[in-house]
Amino acid sequence: MGKSEELMERALKYIPGGVNSPVRAYGNVGMTPRFIQGATGPYIFDADGEKYIDYICSWGPMILGHNGQRVLKKVVRACEDGLSFGAPTEIEVDMAEFICEHIPHIEMVRMVNSGTEAVMSAIRAARGYTGRNKIIKFSGCYHGHSDCLLVDAGSGLMTAGIPGSAGVPEGCTRDTLTAAYNDLPSVERLFEANPGEIAAVIVEPVAANMGVVLPENGFLEGLRQICTNEGALLIFDEVITGFRLAFGGAAEKFGIAPDLVTYGKIIGGGMPVGAYGGRHEVMEMVAPLGPVYQAGTLSGNPVAMAAGLEQLHILWEHPEYYTELEKKGEKLYGRMEELVKLYGAPCTVNAAGSLGCVFFTDSKVTNYTIAKTADTVEFARYFKYMLDRRIHLAPSQFEAMFLSEAHTDDNIEETLEAFEGYLKTRE
Ligand SMILES: *Cc1c(COP(=O)(O)O)cnc(C)c1O
């Protein structure tokens, strides 16, 4: 028994399922999670000291790779000044100013502690601003675990094969309408059936919580148009895509200005941070300026801000990182796709820059219904094969692979060799 198995035994006794977030459990791949004791660059080390090439990257935040010294130094310096004050600090102003000056569609921003909180708060602001209650989300998109968004949510719920969560009263989800991803008529129908009642449409502009699913040509543009026509707000949940697909996220990449944007993951540099922002007139609804209440004892925490802001500075100073991430993605996912064809495997590779995913289905995956046809038993076999070769993937068919600036050509070659090895086992 390895150290991870021993730790899991202890964990199971005191933590539900042994983990503090369900996606970390290896239940659906029938294994025990690797407990991690450290990480550097593209590598993580488990409790037995085994080294893996990491494609989870903390589910996105570690876009520069693990344990970068510039971020670490800022964090240590901030710690020395005090961990938390519950009063405003200069670095919060620096962070807000930096975001608003570099992201064209954001004029004001509020920091929170997680992506969940960011989305929950953005929805409240949208409802407050429009005076409407209903929202539209898309099946398979995950927007955190707040009550009203646990409807056909992707990520851990999809992995567990459940549409929603117990403990969420029907009243909490009554105003959540669901449309199909890449299906504008399904959105139009909801607007027709609920005239003047829809506050906002929230979308992952590239879906990355049902595996990776790309918006088809015209889908995001269509949402923008519908929302403008109907007086509803368009919310881009850029918790994964923000500062990843481009510095300005999917909004920049696809050239669309949402009314509100939510961030998390990368914006904290590995610390628990989220943010939501948008146009003045919407953000001015938020307390203490406006009537939409939203608060947080540790929001804008100086240590978290130090990590997040330094990571954003690095990304801004190195626009070439985005070109490099794009190239790495093309190499890794592009070659995977070629190998799939070469071996005639019933797989589909979806990729958007540094995000990618292998679906175990030969259908083109453009929405939740199709994603769900993937063979999760085969995924589990693939996952184990890769882990045995020291490639650390998300333990679910319905999560993305995350490339970082630290991943090398050699890492990618090694990963592709393992992938080809796996494909050979199918013959
Ligand atoms: C991870 C994620 C969230 C939730 O963020 P947490 O920090 O886990 O609360 C929300 N939206 C999207 C798109 C995400 O990927």
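Helix 2 passes helix 11 in a right-handed crossing, and this pair is the opening stop of a tour through a predicted model.

**Stop 1: helix 2 and helix 11**

Select residues 69–81 for helix 2 and residues 302–317 for helix 11. The two helices pack at an angle of about 155°, and their axes are 8 Å apart. Because angles over 145 degrees count as roughly antiparallel, helix 2 is roughly antiparallel to helix 11. To display the contact, show the side chains of R70, V71, K74, V75, A78 and C79 in helix 2. Their partners in helix 11 are P302, V303, A306, A307, E310, Q311, H313, I314 and E317. Coloured by class, the residues of this contact divide into 9 nonpolar, 2 polar and 4 charged.

**Stop 2: helix 12 and helix 15**

Next, select residues 320–342, which form helix 12, together with residues 409–425, which form helix 15. Here the packing angle is about 15° and the axes lie 10 Å apart. Helix 12 is therefore roughly parallel to helix 15. The crossing of helix 12 and helix 15 is right-handed. From helix 12, select K328, K331, L332, R335, M336, L339 and V340. These residues meet D409, I412, E413, T415, L416, F419, E420 and L423 of helix 15. The contact of helix 12 with helix 15 has 8 nonpolar, 1 polar and 6 charged residues.

**Stop 3: the second largest pocket**

Turn now from helix contacts to open space. Centre the view on P88, E92, R110, S299 and G300, which lie nearest the centre of the second largest pocket. This pocket has a volume of about 580 Å³ and a lining of 27 residues. Highlight helix 3 (90–102) and strand 4 (108–112), the elements that give two or more residues to the lining. Helix 3 supplies the largest share, 5 residues. By class, the lining of the second largest pocket comprises 14 nonpolar, 9 polar and 4 charged residues.

**Stop 4**

How many cavities of 30 Å³ or more does the structure hold? There is 1. The largest cavity contains about 80 Å³ of space. To outline the largest cavity, select C357, V358, F379, Y382, L393, A394, S396, Q397, E399, A400 and M401. Strand 12 (355–359) and helix 14 (376–388) are the elements that give two or more residues to this lining. The lining residues of the largest cavity divide into 8 nonpolar, 2 polar and 1 charged.

Note on methods: Residues numbered from 1 in each chain as written. Predicted model: local features only at pLDDT ≥ 70, side-chain atom pairs only at ≥ 80, totals over all residues. Heavy atoms only, no water. Axes fitted to C-alpha atoms, helices over the stretch in contact; angles between N-to-C directions. Helix = DSSP H or I, 4+ residues; strand = E, 2+ residues; numbered from the N terminus. Parallel < 35°, antiparallel > 145°, perpendicular 65-115°, else oblique. Left-handed = near helix turned anticlockwise from the far one by under 90°. Contact = heavy atoms within 4.5 Å. Nonpolar A, V, L, I, M, F, W, Y, C, P; charged D, E, K, R; others polar. 1 Å grid on protein atoms, 1.4 Å probe; cavity = no way out; pocket = protein on both sides within 12 Å on 5 of 7 lines; lining within 4 Å. Points joined across faces, edges and corners; volume = space filled by probe spheres on them.
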